[in-house]
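I opened the model to look up its sheet, some helix packing and a few loop residues. My entries are below.

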Amino acid sequence: MSPVNIEDLRQLARKRLPRVLFDFIDGGSYDEITLRANRSDLNRIRFRPRVLVDVSQRSLATTLFGQRLALPIILAPIGSAGVFARRGEEAAARASERCGTTMCLSTASICSIEDVAAQRKTPFMFQLYMSQDREHARSLVNRAQNAGCFALAFTVDTAVGGQRDKDVRNGYVVPPRFVARNVLDALLHLRWMLDVPFGPPVSFGNFPGGGGSRSFLPVARRMLRTQDTSISWKEVDWLRSIWKGPLLLKGVLTPEDAQLAMEHGCEGVVVSNHGGRQCDSAPSTISVLPSIVAAIGKRHGGKGAVLFDGGIRRGHDALKAIALGADACLIGRAWAYGLGAMGEDGVEKAIRILESEMSASLALLGRASLAELDAGAVDLDRLSRII
Ligand SMILES: Cc1cc2nc3c(=O)[nH]c(=O)nc-3n(C[C@H](O)[C@H](O)[C@H](O)COP(=O)(O)O)c2cc1C
């Protein structure tokens, strides 16, 4: 099957990956209320298409912190993506650059910051998880700076890990629980077996001791053990003092926290609920986006960049967020499905699918550029009634 949309890539990933990995990507925390709300609230929004507008010359291009992007889609940080396909983050780095865009590399990536930097001529973003070991955090920040990363996204919605019930049942936890059916299932996924377990060592490249295949579990254990539940605005101030570049807080869901982010010297926020993987019953991201844009967004005369993620599976999903004031969108599962389905080609396919859907929807809305796509493109009366 040649994939026509992101759901096709999802189905291909389901076939190619062992079930534990597919469930890890696909699932959300607890009852998955927020996971579903991200999609269903996006689906409830209706456009106000204008007609008889010349849309023969269209562009999806935008600029973020001085970086020109061919489309307003950035690959979101996905921990351990290099387990879904061989050297997954390097593949994503190349694919996103070919499409004229960029990625935000996770702290918990398999490939290191330096490995990823070596794959690209254009800069990328780095996502930071801060553990109790501040020296490690400082060294990650320095490494990201030296690798030329153009922005740092500090993830702030993971004080503790939300439980994904499927992962617990599958034994995909640290330390892993032996489940006989997983071994059989992995053996039945021969293409993945040859690609990943029989490929180069898989470990967490950004951690001391990461790199050798034996270090995967010890490093994962250390990551969990040293998770810091005491993080507060003090750490934001500290990061602000050591990171010389745009700083974003990823995981903000209220205007109050967005405002505080600006007061603490950040350049903006990523409106995100971690793709419904953390606080279940947190609001869908699209439902809180307008209030955060109103508080800090450039479209409202503010100074903050507002990035958006959660539930984007179609090009028009991203256009809804842009119309409601987002400066750019991150996609998480959409590229993870692509990677799991077809490796590097699948990541490129995911971006190209979204790009072509966005371009068509922009035209059908009677807009030729993202600058023309404002709240007038969305039925706001309906939005206020349903969200
Ligand atoms: C498998 C998986 C791993 C993730 N790992 C990270 C991570 O390491 N750091 C982070 O800040 N967010 C992580 N996220 C959250 C994504 O960056 C993003 O916020 C979310 O996936 C967006 O929702 P979407 O998947 O519906 O597009 C992860 C998400 C998934 C699905």
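The notes go from the ground rules to the sheet, then the helices, then the loops.

**Ground rules**

I am working from a predicted model, where local features need pLDDT of at least 70, side-chain atom pairs count only at pLDDT 80 or more, and totals for chains, interfaces and linings use all residues. Residues are numbered from 1 along each chain as its sequence is written, and side-chain values use heavy atoms, with hydrogens and water left out. I took helices (H or I, at least four residues) and strands (E, at least two) as DSSP runs, numbered from the N terminus.

**Entry 1: the sheet**

I began with strand order. The open sheet has 8 strands in the order E3-E10-E9-E8-E7-E6-E5-E4, and the pairing is parallel. I counted two strands as paired if DSSP finds at least two bridges between them. E3 and E4 are the edge strands, each pairing on one side only.

I then went to E10. E3 and E10 run parallel, joined by 3 bridges. Leu 75 sits opposite Ile 331 of E10. Strand E9 (residues 305–309) also joins E10 through 3 bridges, again parallel. There, Asp 309 is opposite Leu 330.

Which way do the E10 residues point? Ala 328 and Leu 330 point one way from E10 (residues 328–331), Cys 329 and Ile 331 the other way, and all are buried. For burial I used relative accessible area: buried is under 20%, exposed is over 50%, and partly exposed is in between (1.4 Å probe, protein chains only).

Met 125 in E5 is the bridge partner of Cys 104. Helix H6 (residues 134–146) packs on the sheet, touching E5 and strand E6 (151–155), and its direction makes about 175 degrees with that of E5. I fitted axes as lines to C-alpha atoms, for helices over the stretch in contact, with angles from 0 to 180 degrees between N-to-C directions.

**Entry 2: H4 against H15**

I next took helix H4 (residues 88–98) with helix H15 (residues 333–364): their axes come within 8 Å and cross at roughly 15 degrees. That makes H4 roughly parallel to H15. Angles under 35 degrees count as roughly parallel, over 145 as roughly antiparallel, 65 to 115 as roughly perpendicular and the rest as oblique. The H4 and H15 crossing is right-handed. A crossing is right-handed if the near helix is turned clockwise from the far one by less than a right angle, and left-handed if anticlockwise.

Contact here means heavy atoms within 4.5 Å. H4 contributes Gly 88, Ala 91, Ala 92, Arg 94, Ala 95, Ser 96 and Arg 98, and H15 contributes Trp 335, Leu 339, Glu 344, Val 347, Glu 348, Ile 351 and Arg 352. By class, I logged 7 nonpolar, 2 polar and 5 charged residues in the H4 contact with H15. Ala, Val, Leu, Ile, Met, Phe, Trp, Tyr, Cys and Pro count as nonpolar, Asp, Glu, Lys and Arg as charged, and the others, Gly among them, as polar.

Why call H4 largely enclosed by the rest of the structure? Because 8 of its 11 residues are buried. Glu 89, Glu 90 and Ala 93 are among them. The buried residues of H4 pack against E3 (73–75), E4 (104–105), helix H5 (113–117) and H15. Gly 100 follows H4 and has a positive phi, near 80 degrees.

**Entry 3: H2 against H15**

H2 and H15 pack at about 165 degrees, with axes 10 Å apart. That makes H2 roughly antiparallel to H15. Their crossing is left-handed. Phe 22, Ile 25 and Asp 26 of H2 meet Arg 333, Ala 336 and Tyr 337 of H15. The H2 contact with H15 has 4 nonpolar, no polar and 2 charged residues.

**Entry 4: loop residues**

Most residues other than glycine have a negative phi. I checked for exceptions. Arg 87, in the loop between E3 and H4, has a positive phi near 45 degrees. Arg 87 counts as partly exposed, at 23% relative accessibility. His 274, in the loop between strand E8 (268–271) and helix H13 (285–296), has a positive phi near 60 degrees. His 274 is buried, with a relative accessible area of 16%.

Last, I looked up Glu 32, in the loop between helix H2 (19–26) and helix H3 (33–44). Is Glu 32 buried or exposed? Glu 32 counts as buried, at 16% relative accessibility. Leaving aside neighbours within four places in sequence, Glu 32 is in contact with Gly 27, Lys 166 and Asp 280.
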